[in-house]
Amino acid sequence: MKLYEVRNGWIGAGPAHVLVIAVSEQCALDVARAQFRALAERWDNRYPISRKGAAYWSNLEVILLCADVSMEWVSDERD
């Protein structure tokens, strides 16, 4: 299994992203797309004026963070 960070191009306090453990980049993309869509729908139901829409889950960037999560691993420093 691999650890991925998936970003959607939106910026809040930092880049909007989810972390995914998956067997492949495509699997990570599919899982992240579903998660971003669910988040957008929940947000839109609470704040209809915002309407994030399909752009929130359509244009995703997948970044491989760790190629083998069965072993110890630490990321680089991030701020």
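The model is predicted. Three strands form an open antiparallel sheet, ordered S2-S1-S3. Helix H1 packs on that sheet. Ring pairs join Trp10, Phe36 and Tyr56 into a cluster.

- Strand S2 spans 15–22 and strand S3 spans 61–66. These two are the edge strands, and each of them pairs on one side only.
- From one strand to the next, the twist averages 30°.
- Strand S1 covers residues 2–11 and pairs with S3 over five bridges, in the antiparallel sense.
- Helix H1, residues 25–46, touches S1, S2 and S3. The direction of H1 makes about 130° with that of S2.

**Glutamate 5**

- Glutamate 5 belongs to strand S1. Across the pairing, glutamate 5 stands opposite isoleucine 63 in S3.
- Is glutamate 5 buried or exposed? Its relative accessibility is 1%, so glutamate 5 counts as buried; the cut-off for buried is under 20%.
- The side chain of glutamate 5 makes a polar contact with the side chain of arginine 7, at 2.6 Å.
- Leaving aside residues up to four places away in sequence, glutamate 5 touches His17, Val18, Leu19, Glu61, Val62, Ile63, Leu65 and Arg78.

**Aromatic pairs**

- How many aromatic pairs does a search of the whole structure find? The search finds two.
- Tryptophan 10 lies in strand S1, and tyrosine 56 lies in helix H2, residues 55–58. The pair therefore ties together parts that are 46 residues apart in sequence.
- Tryptophan 10 has a relative accessible area of 32%, so this residue is partly exposed. Tyrosine 56, at 11% relative accessibility, counts as buried.
- Phenylalanine 36 also pairs with tyrosine 56: the centres are 5.7 Å apart and the planes are at 85°, so this pair is edge-to-face.
- Phenylalanine 36 sits in helix H1 and tyrosine 56 in helix H2, so this pair ties together parts that are 20 residues apart in sequence.
- Both phenylalanine 36 and tyrosine 56 are buried.

Notes: Residues are numbered from 1 along each chain as its sequence is written. This is a predicted model: local features need pLDDT of at least 70, side-chain atom pairs count only at pLDDT 80 or more; totals for chains, interfaces and linings use all residues. Side-chain values use heavy atoms; hydrogens and water are left out. Two strands pair if DSSP finds at least two bridges between them. Helices (H or I, at least four residues) and strands (E, at least two) are DSSP runs, numbered from the N terminus. Axes are lines fitted to C-alpha atoms, for helices over the stretch in contact, and angles run from 0 to 180 degrees between N-to-C directions. Contact means heavy atoms within 4.5 Å. Buried means under 20% relative accessible area, exposed over 50%, partly exposed in between (1.4 Å probe, protein chains only). A polar contact is a pair of N or O atoms within 3.5 Å; within protein, one must be able to donate a hydrogen and the other to accept it, and residues adjacent in sequence count only if both atoms are side-chain atoms. Rings of Phe, Tyr and Trp (its six-membered ring) pair if their centres lie within 6.5 Å; planes under 30 degrees apart count as stacked, over 60 as edge-to-face and the rest as tilted.
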